[in-house]
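The points are grouped by topic.

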Amino acid sequence: MPLLSRRDFIKRTLAAGLASGLVLFGLEKTAGGATITPRGTFYDLTKCDGCQGLKVPRCVSACREENNFKFPRPAEGIEYYWPQKKKEDWQDKRDLTTRLTPYNWTFVQHVQVKQDGRVLDVFIPRRCMHCDNPPCANLCPFGAQSKTPEGSVIINPNLCLGGAKCRDVCPWGIPARQAGVGLYMKLAPRYVGGGVMYKCDLCYHRIKEGKIPACVEACPRGAIVFGDKEEMREQARKRAREIGGYIYGDKENGGTSTFYVSPVSFAKIHEQLMMQKNRQPNPEAPGFPGMPEGVGNFLDSVNGIAGALLAAPLAGAFAAGYAAYRTIKGGEDHGG
């Protein structure tokens with residue numbers, strides 16, 4: 001009998017631990033038993049100019065407008081939770097559009113990179129990569145995150161306690177935390193939890209209606225393309241061949257559903273992004289991701305395997321319990 005790979009081992013363990021919760025959530029069900037094709041996104045960085053002349057790029061404005069109903073609305077007077085003396089409160093930065101926050105799920109980075117004796121401007125729209133095997137979802141002990149059949153990785157704000165484990169294991173540190181909202185406020189706000197994590201969900205509510213994400217629809221230069229994941233991968237590869245360019249997202253973190261094509265190497269882009277990050281007043285602040293090439297998936301590590309084994313049973317039980325509670329109450333959640 002052949003040995004299982006680490007990834008197969010994790011997948012089988014997670015499937016066993018989460019099956020009951022997912023059945024009750026209905027995430028594995030499809031309308032009429034139809035097969036759902038995973039979606040993907042292709043960013044052609046040769047076409048993106050950051051919407052020069054506009055204060056806020058159109059993709060960013062469209063995302064904020066479309067997803068405003070999902071943004072956090074904290075209670076007043078957010079308290080610190082014991083034993084820590086910290087909280088992540090972005091209420092006074094709701095209008096910030098130059099990094100990822102609970103109120104801003106996509107933004108555009110800009111770097112200048114030397115290439116063949118020239119200085120090229122490269123604009124990079126950033127948001128969740130929607131990974132193939134997301135450690136954020138697989139390691140959440142409360143089952144608050146999940147990957148849908150369409151490919152979106154979503155967070156259920158009614159289950160999330162804001163522990164930020166998802167951000168810790170994300171190679172790009174994408175999820176952003178807002179205190180003063182979520183389940184912990186109903187339990188023991190002074191002693192448990194830190195809020196809710198927020199990030200791009202690919203406008204999942206639109207995808208379920210057969211529409212495309214708002215950012216894609218708003219792009220005036222056709223720099224963002226959305227469709228069948230494998231078609232997006234092939235478009236990215238074709239474009240990279242045409243310009244002698246580089247692809248990002250195809251292999252990173254074990255593979256994602258987001259593919260970038262750039263005329264310059266992502267090693268150079270990452271170097272410039274890290275220089276920008278280090279020049280910021282608080283370089284350790286979250287929400288300004290780099291683009292490290294070939295970064296691995298935490299789930300392929302020994303610690304990742306152990307974490308998945310511990311998280312799966314608890315996540316399944318928690319998700320099942322919450323689903324039962326929803327059924328009893330007859331209510332709907334808005335987790336995506």
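In this predicted model, an open sheet is built from 4 strands in the order E8-E1-E10-E9, with mixed pairing. Strand E8 (224-228) and strand E9 (246-248) stand at the edges; each has a single partner strand, so one side of each lacks a neighbour in the sheet. From one strand to the next, the twist averages 20°.

**Pairing of E9 and E10**

- Strand E10 (residues 258-262) and E9 pair in the antiparallel sense, over 3 bridges.
- Tyr246 has Ser262, in E10, as its bridge partner.

**Nonpolar cores**

- The largest nonpolar core contains 55 residues, and Ile124, Tyr260, Ile269 and Met291 have the most contacts inside it.
- Strand E3 (residues 118-126) contributes the largest share of this core, namely 4 residues.
- Apart from this core lies another, of 6 residues, including Met232, Ala236, Phe259 and Val261.
- Beyond its neighbours within four places in sequence, Ile269 is in contact with Val111, Val113, Val122, Ile124, Ser262, Val264 and Met291.

**Aromatic pairs**

- The structure holds 5 aromatic pairs.
- One of them joins Phe71 and Trp105 in an edge-to-face arrangement, with 5.3 Å centre to centre and 65° between the planes.
- Both Phe71 and Trp105 lie in the loop between H2 and E2, and the pair therefore ties together parts that are 34 residues apart in sequence.
- Phe71 is buried, with a relative accessible area of 8%, and Trp105 is buried as well, with a value of 5%.
- Tyr248 and Phe266 form a tilted aromatic pair, at 5.1 Å centre to centre and with 40° between the planes.
- This pair links distant parts of the chain, since Tyr248 belongs to strand E9 and Phe266 to helix H9 (residues 266-278), 18 residues apart.
- Tyr248 is buried, with a relative accessible area of 0%, and Phe266 counts as buried at 0% relative accessibility.
- Phe71, Tyr103 and Trp105 make up one aromatic cluster.

- Thr106 is located in the loop between helix H2 (58-66) and strand E2 (107-115).
- The relative accessible area of Thr106 is 5%, and the residue is therefore buried.
- Its side chain reaches the backbone oxygen of Arg126 at 2.9 Å.
- Leaving aside neighbours within four places in sequence, Thr106 is in contact with Cys59, Val60, Cys63, Leu100, Arg126 and Arg127.

Conventions
Residues are numbered from 1 along each chain as its sequence is written. This is a predicted model: local features need pLDDT of at least 70, side-chain atom pairs count only at pLDDT 80 or more; totals for chains, interfaces and linings use all residues. Side-chain values use heavy atoms; hydrogens and water are left out. Helices (H or I, at least four residues) and strands (E, at least two) are DSSP runs, numbered from the N terminus. Buried means under 20% relative accessible area, exposed over 50%, partly exposed in between (1.4 Å probe, protein chains only). A polar contact is a pair of N or O atoms within 3.5 Å; within protein, one must be able to donate a hydrogen and the other to accept it, and residues adjacent in sequence count only if both atoms are side-chain atoms. Contact means heavy atoms within 4.5 Å. A nonpolar core is a set of buried Ala, Val, Leu, Ile, Met, Phe, Trp, Tyr and Cys residues joined through side-chain atoms within 4.5 Å. Two strands pair if DSSP finds at least two bridges between them. Axes are lines fitted to C-alpha atoms, for helices over the stretch in contact, and angles run from 0 to 180 degrees between N-to-C directions. Rings of Phe, Tyr and Trp (its six-membered ring) pair if their centres lie within 6.5 Å; planes under 30 degrees apart count as stacked, over 60 as edge-to-face and the rest as tilted.
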